Amino acid sequence: MVTPFLKAELTAAVTSLGYTEGNKYFKDQYCLEALKDLIRYLRRDDDTLGIRRELGQMKLVQTNLIPIICEYHSDETLFDVVLRLLVNLTNPTLLLFNEEVPTDKVTRNYYLQHVSHLQSYKPVLASDKLWVVLTDKLKLLLVKEPEDRLEDDKLLTERILILIRNILDIPITPEDEKRTDDDASVHDQVLWSMHLSGMEDVIIYLASNENERHFCMHVMEIISLMLREQNPATLAQAAAQRSLAEKQKDTEELVAMVQKESSEREARYKKMTASRSSIFRGTFCVKDVKSISEKNLIVHRTLTDGKPIDFHQNKVAKRKAKNRMPLPNCDVTRKSTLSIRLMLKEFCLQLLNGAYNSLMHIVKDCLIRLKTQDHDETYYLWALKFFMEFNRNSGKFRVELVSETMSVGLFHYIQTQVQTYSESITVDKKKAAVWSRRLHVALRAYQELLMTLNAMDKYGSESIRKSSEVLKSNVFYVPEYRELCLVLLLNYKETQHSLDYLKDLVETNHIFLKLFEQFTKGKRHLIVQNKSKAPQKRKKAKKKKSKSEETSTPPPTFDEIAVEISSALQEQPTLTDDIAPYDAASDLPMDDQKVIAMGKIQQLLKEAKTHLAVALLRTCRDVWPEGEVFGPPEVGPEHELLLLREIFHTDLPSVAGHEPTDDCDGADSDGKEIEQEELAAERSEKELHFEEFIRRFAHKNVARSYCHLLRRYATNTSLTNHCLIKMLHRIAWDCKMPAMMFQLSLFKTFQKIMNDPLAKTDATVKELYKFAIYIMRKFAETAQVNPKIFVELLFWKTASEAVEIEVGYGNVKDPSHSRAVWSEEEEDELERLYHELRDVQDGEGDVADRILANLINQNRNRRAVIKKMKEMGLIMDAKSLAKTKRSVKIRPPKEWGDHEIVELRRIFEEVRGSSDPLALLIDRLPIPRGKSRVRDKIVELGLVQDVKELRKKKVRSAKSAGRKESNRHQSDDEGPREGPASLTDSELDEESESDDEEEDDESDGEPFKNMKHKESKSKRPKQYGFAMKKTDYFSPEMLAAQLRQLVDDGRKEGLAWLAECLSEALEDREDGECDEAIPLVPLTDCAIASMEDHTFLKFIAKVGLAPPANEQEQFWRIPSTLMAADLRCRIDFLKGASVSDSDGGKSESAERIDDISGNTSAKRLADEPIPLGSHKRRRIVHSESSSSSDAEPQDVEQQEVADPAVVVVETSSTAASTTSRKRFAVLDSSSDDSQ
C-alpha cells in the first residue's frame, strides 16, 4: 500500500520533472534524478501495484513522459532513462499478476484499475511525434553493422521493440469506445501513426534480415498485435472500391433484416385482427394441463394469446456456479475503416512476398531449440493461420509464398501442441481458460492447413495438385492426424471451451471429412495405419534347468572347430551389418563394451561361425589397440589361433541379454496374478473405408456438441449451419441412426426452425427445416412400435441404444461385449467346474487353467475367468490359485470317520506315557487335524479325564534336584533375586504350562489355516544364496565344525570382529541403553571380506543374527531378542577361535573349540536347549554324584582361571540323564562371586 509519506515522495518527484507552457514542455534541472528516483520506487512496488496506480492517477505518462521523449529525444541519457520508465509503466497487467486474473474482490479492483490506467495511456501513445522519434531511433541503430553495434545499442533496440509491443497490447474495449465498423478506433489510430512514421518498413526489415534473427520473436509478437482485430479474408478482399461480393453481402443482410421485421409486423397484425376486439378478455380451459385440482387449467386471456402459454415467466432462474458457467468468447474482430484496411493489406502483401518464409523458419527453429519464452508458439500458430488465410483469399493464391508452413512436419507439430493443450486443460484447472484459448489458436492453424490443401487441389498446376495428394496421403495414413477432430469433439465441454472454438471445430471437421471423402473416391483399397491396444501376457518365470537339460545339443569343442578357424585365419572375412564391435549410442563405458565384444566372439565360436568370429576379433583389434587385449597390431595366424582358444575357454558374461523373470514364489507370496494382461500400443496397417470412418462419429458426445451449436442457428453463419446439418445428416441417414436425434433439446430447436419466417426464404434455414421434418416423421413411426420412446427423449443415446430403440430392446448383440457378459448358465457352469476341478492334480496348470480348458465358451481368457470367480466368491484372490500349481491342501472333513476314531484310540494308547503325547498323536494321524480338534475329540471319547493330562510333561533329571537344592541355599544366603532367574520350580512349572497353553492356542485350528502364517514367519531374503530359517535354539556342538572350518579358511579376524561387536552390544544391553536391533557395520577390510563370504554369512545366521529384512536395509543386525545371557553365550563360543598357535599340528583354537563343544563333561542341568531371547538364566551347580565328587572341583577351578566366564562341570551319566545332550553353559559375574 502507498503510505502518505510515499505518496508525498512520488508527488515531489513528479513535480520535479518539468512543466508545460503552451504547446512546449520545459524540463526541470533535476529531471534526470527525478526519473531515476521513480524507477527506484517502481522496483519497490508490491503485489497490489500501489505505486503504478498512484502514478497513473497523476497522469505521469500523458503530462510528462511523452512530452520529454518528443522534445528532448536528442539527449541520449535522458531518452534512455525515460524509455526505461515508460516500458515499466506500460507493462501488461496480466504479466504483472503472473498471468492469472485475480479472483478476490479487492485484488481484482486493483487489476481493473491498472487496466483502466493503461487504456487512458493509449490515446496519448498514438501521437505522431512519438512514433517518428521511435522510428528514427530504430533506423539509426539498425543502420550500423551488427559487428559495430555496442551492447547498449542492442539493449536500446530491444527496449523500443518492447515499448511498441506494450502499446499495441493495451486491451481493447469496443463497449467503452462505442465505435461502429468502418470507423477508426484508438487501436486504428496507433496503427495509422505507425504507418505515417514508417515503422512498418522497419518491422518488415527486421523480419526479412537474417542478421536480426535475435529480434524475431519481438517482431512476431508486434505483427500479431497489429492485426489481431482484423479478419484475414476481409482484409485480403479490401479494395479502393467496394467489390460486388461485398455489396451483395451487405444487401443480403439488409434484406434479411427487413424481412424479419416485416414478418414480425405481420404476425402482430394477425393477432390484433383475429379476435373481435382486443380489449375484451375471454375465459378458456387449457387441454391436458391440470390445475392445482384435478380439473383442467383455466386462463383469462384473449383468444390470440391463448396459444403461447409460458409457465416459466414467474420462475426465478437458478444461479450457476462459476465453474459451471460457459466459457465466454474473448476474440474481438471488427471491420476497420477503409484506409486502415488498405494500409494493413499492403503491409501483409509485403510481408508475404519478402519475409514470411524466412521469418517462420527462424521462429520455428527457435521454438524447437527452446530459445524462446514459454507459450511463444501461440504467436507462431496465429501467424500461420492469418497469413495462409490471407494468401488464400487474396485473389491470386500462390503456394510458394507459404511453402515454409506446408509440410507433414508441421502437421505433426500442431498435433502435439493440440494434445499438450488438451491435457493441460484437465490437469491445470485454474488456468483452464488460458489453455483453452491456446488450444483454439492451434485448432485454427490446423483448420487453415486443411483449407490450403483444399485450395491446392483446385490449383492449375499439376505439380501443386500432386504435392497436395502426397500431403493428404500422409495425413490420412497416420491415426493421430486422422482422428484429431474426432478426439476433440469427444472431449468438448461447454465449461472448458467457448462457442467460437466449437464453431471452428465443426468447420474443421467438415473440411477434413470432405477432403477424406474426395481422397477415397476412385480408390478401391485405402491402406492406413492402425493403432490398437492388444493384450500381452506376462511370461511366467521359468525354473532354472539343470545342466543336462539346459542344452540339448552341447556346443562343439575348440578342437572340433580348430580346422575351420585355421582356414578362416588365412582369409579376410568381413562382418555382417547386424554384428558390431560396440554400440556408439550406448551409455555403457568402453571397458564394459570391450568385455561384451569378447563375449560376442566367444558366442560366435560356440555357434561354429568361425569366419564372423575372426572378422570380429580383427575389428575389435582396430577399435581397441591400446593394451593389446585383442592381440598386437601385427600378429600372425598362430598367435590369433591361441588368442581365440583363450577366449573360447574364458568364462565371459552372456551377451544374449537377461530377460527379467519373476520368482514364482515371490509372485505367490505377494498375492499377484501369475499372468497379467498389459495394454501395449501396436502399429499395423488395415484397409479403411469412408463409411467405416464416418460411423465413429455416431457418438452421443458428438451429437450433443453439434446440437448445442445448432441452437444458435439464427446467429451462425451459413457455412456453420451447413456443416452442422451435413454431419447430423451423415449420422441419421448415412449411418442409419435417426434415433440418435430423438432428444428433447433438439426438438425444441426444430420447433424454433419450423416457426421461423426465414424457413421459406433462406436456403440454409430451408435445409434445416427439411431435416427437422425428416426426424419428426421418423420419431412418429418409432412411437407407434415403441411407446417408451417418449422417455428416451430425455437422454442422449449411444449407437447401440439408438438401434435398440428401433429394432427392440435386447435384440442387438454387441460383439465387443459378448465375451464380457456372463449369462446365468455360464455362471452355473463356472461354479460347477470349480468344485469339480479344484482338487484335481493332473497337468501343470492350476484351477483356472483347467476350468478354461473345459468351458463351453472358448472365447473367455484366463483373466476374465479369475475375475468372475472373485465376483462369485469362489476365491479370494489369485494367490490361492497359484498355490494349487505346486500342491493342493485338501480340507479334512469336519466329521470324524470310524477308521479315524479307531486309529486315534490305538495311537493314543501307544503314546499315552510319553512326555508330549498330543504332538506325537497328531504326527501319526492318517488325516492331519488341528491340535484343538484332536484334543476335543480325545476328551469327547473319554480317553482322558482332564485336559491337563495332554500337556507336555516336564522331564527332570538328577540335576534338577541339585538345582533346587542350590537355589534354595542361595536364596537363603543372598535373598531374593530379580528377574526370571529367581523363579521357583512351581513357578517354572506354571510358566511351562502357560507356554504349553499358548502353543495350543496358536496351533489350534486346521493345518492349512496356519500355513500362511507359518510361511510368512519363516520367510527370509534369499539374496545370500541360502534359505534363511529362523531357529529358536543355539547349539555350539552343531556349529563347532563350521567354526573350525572358518578358522582354517583365515576368517579368524572376522570372528574376532564379530565377537567384539557382540561384546559392545552386550555392554549396551547391560547398561539399558539400547533395546533395539543393532546393525553390524563392517569398516575394516577383513570385516568387509568376511561379510562377503557365503560360508561366514551362513555361520552368523545359525548363530542367531538377522539378515536385512527388505530392500531398505543393508546390514545384518543383532536382534533385540538376544538378551545379555544369550550374547555372553555366543561371545564365549567365538572366543574359542581368537586364541591360536602358529606352530604346526592342531591349532590351539581348534582344541579350545573341541573343549567347549565336544567335551562330554560340559553338560547343562536342564534337558531343554536354551531358547533365543529367553529371560530364564540358568545357574550351574556341581552335581553331587559320588563318582566325580573329588575330581570335579579341581577342574572347575582350573577352568575358571583360564576363562572365568566358562565353567565346565563333569558329571556321571545316569539313567535319568541318558537323553540329555551336550550343551553350553554360561555363568555371569554375579554367579562367579557367589561361588
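Biologist: Which residues of α2 are buried, and what makes them count as such?

Modeller: The buried residues of α2 are C31, A34, L35, L38, I39, Y41 and L42; in this predicted model, the term requires a relative accessible area under 20%, so each of these residues falls below that cut-off. They lie on the same side of α2, because the arc they cover around the axis is only 160°.

Biologist: What covers the buried residues of α2?

Modeller: The covering elements include the helices α1 (4-15), α3 (50-57), α4 (60-71) and α5 (76-89), together with the strand β2 (24-27).

Biologist: How do you know that the length of helix α2 agrees with its 13 residues?

Modeller: At 1.5 Å a residue, residues 31-43 should span 18 Å, and the end C-alpha atoms are 19 Å apart, which agrees.

Biologist: Why are β1 and β2 called paired?

Modeller: Pairing requires at least two bridges, and strand β1 (residues 18-21) has four with β2, in the antiparallel sense, so the two strands qualify. T20 stands opposite Y25 in β2, and the strands form a hairpin with two residues between them, where G22 in the turn has a positive phi of about 70°.

Biologist: Which members of the largest nonpolar core touch the most other members?

Modeller: Of its 186 residues, these are L38, M194, M226, F387 and M741, while helix α20 (residues 432-457) contributes the largest share, 12 residues. Apart from this core lies another, of 31 residues, among them V1047, L1062, M1091 and I1131.

Biologist: What does M194 touch, leaving out residues up to four places away in sequence?

Modeller: M194 touches W131, I164, L168, M199, E200, I203 and M226.

Technical notes. Residues numbered from 1 in each chain as written. Predicted model: local features only at pLDDT ≥ 70, side-chain atom pairs only at ≥ 80, totals over all residues. Heavy atoms only, no water. Expected span 1.5 Å × (residues − 1). Buried < 20%, exposed > 50% of the residue type's maximum accessible area, 1.4 Å probe, protein only. Arc of directions from axis to C-beta. Contact = heavy atoms within 4.5 Å. Core = buried A, V, L, I, M, F, W, Y, C linked by side-chain atoms within 4.5 Å.
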